[in-house]
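Reader: Please take me through the aromatic pairs in this model. Keep it brisk, and give the cut-offs as you go.

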Amino acid sequence: MSAHALYVAAAYAISAIVLVGLIGWILLDRRARKRELAALDAAGVRRRSDKAGTNLPPLGGSNLPGLDSRSFAGKVTLVNVFASWCAPCREEHPVLLALSQDKRFTLAALNYKDEPANARRFLGDLGNPYQAIGVDPAGRAAIDWGVYGVPETFVIGKDGKIAYKHVGPLTPESAKDLLLPQIEKALAVSG
């Protein structure tokens, strides 16, 4: 084997090791964040989004209201954080369209750091599952909600507090196995 071939093989091997390490680190970090949130929930610690009101203006041209946390009271609401530039948001969109058929809860959106025209085009191309869309062009409201990135989906209980947070894109499996049981739990609470 020539020196050049050995060099190329070594470069590929090092790249593969770095890539596997990076993926492992991301997965471990995500698990650690979920454990931290679960520990906070178990201790009864309220997150900032439980305390802070959210009142975001509507997505212009959508003919839908903005995102107002006062509208959460007395009903279960799913809040999906999305952006048109987010590839995983595009992947999860069919799941959101399916969820929007369930009229037992409201499906609302927080449009994160997006251009309004791009968000409208995204929803025009893929369909609009949302009953309300609030725009967060600077990402400040998302910080208050504890958003790590897009997409994320929150189940808001009838008391207006976060009952569950799903980090990452929804799949049919995660919706069925993780999200829907949390929705059912939130719906079962009297309020």
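**Aromatic contacts and their surroundings**

Author: Tyr12 sits in helix 1 (residues 3–42); helices (H or I, at least four residues) and strands (E, at least two) are DSSP runs, numbered from the N terminus. The model is predicted: local features need pLDDT of at least 70, side-chain atom pairs count only at pLDDT 80 or more, and totals for chains, interfaces and linings use all residues. Residues are numbered from 1 along each chain as its sequence is written, and side-chain values use heavy atoms, with hydrogens and water left out.

Tyr12 is exposed, at 62% relative accessible area. Here buried means under 20% relative accessible area, exposed means over 50%, and partly exposed lies in between (1.4 Å probe, protein chains only).

Now the pairs. Two rings of Phe, Tyr or Trp (its six-membered ring) pair if their centres lie within 6.5 Å; planes under 30 degrees apart count as stacked, over 60 as edge-to-face and the rest as tilted. The whole structure holds five aromatic pairs. One of them joins Phe72 and Trp145: the ring centres are 6.3 Å apart and the planes stand at 80°, so this pair is edge-to-face. It links distant parts of the chain, 73 residues apart. Phe72 is in the loop between strand 2 (67–68) and strand 3 (77–82), while Trp145 is in helix 5 (residues 140–145). Phe72 and Trp145 are both buried.

Phe82 and Tyr130 make a stacked pair, with 5.3 Å centre to centre and 20° between the planes. Phe82 lies in strand 3 and Tyr130 in the loop between helix 4 (116–126) and strand 5 (132–136), so the pair ties together parts 48 residues apart in sequence. Both Phe82 and Tyr130 are buried.

Tyr130 has another neighbour to note. Ala108 is 22 residues from Tyr130 in sequence, yet their C-alphas are 5.0 Å apart in space. Ala108 belongs to strand 4 (residues 106–112). Ala108 counts as buried, at 3% relative accessibility.

Phe72 and Trp145 form one aromatic cluster together with Phe154.

Last, helix 3. This helix (residues 87–99) kinks by about 40° at His93, shortly before the proline Pro94; the bend at a residue is the angle between axes fitted to the seven residues ending there and the seven starting there. Its buried residues are Cys89, Glu92, His93, Val95, Leu96 and Leu99.
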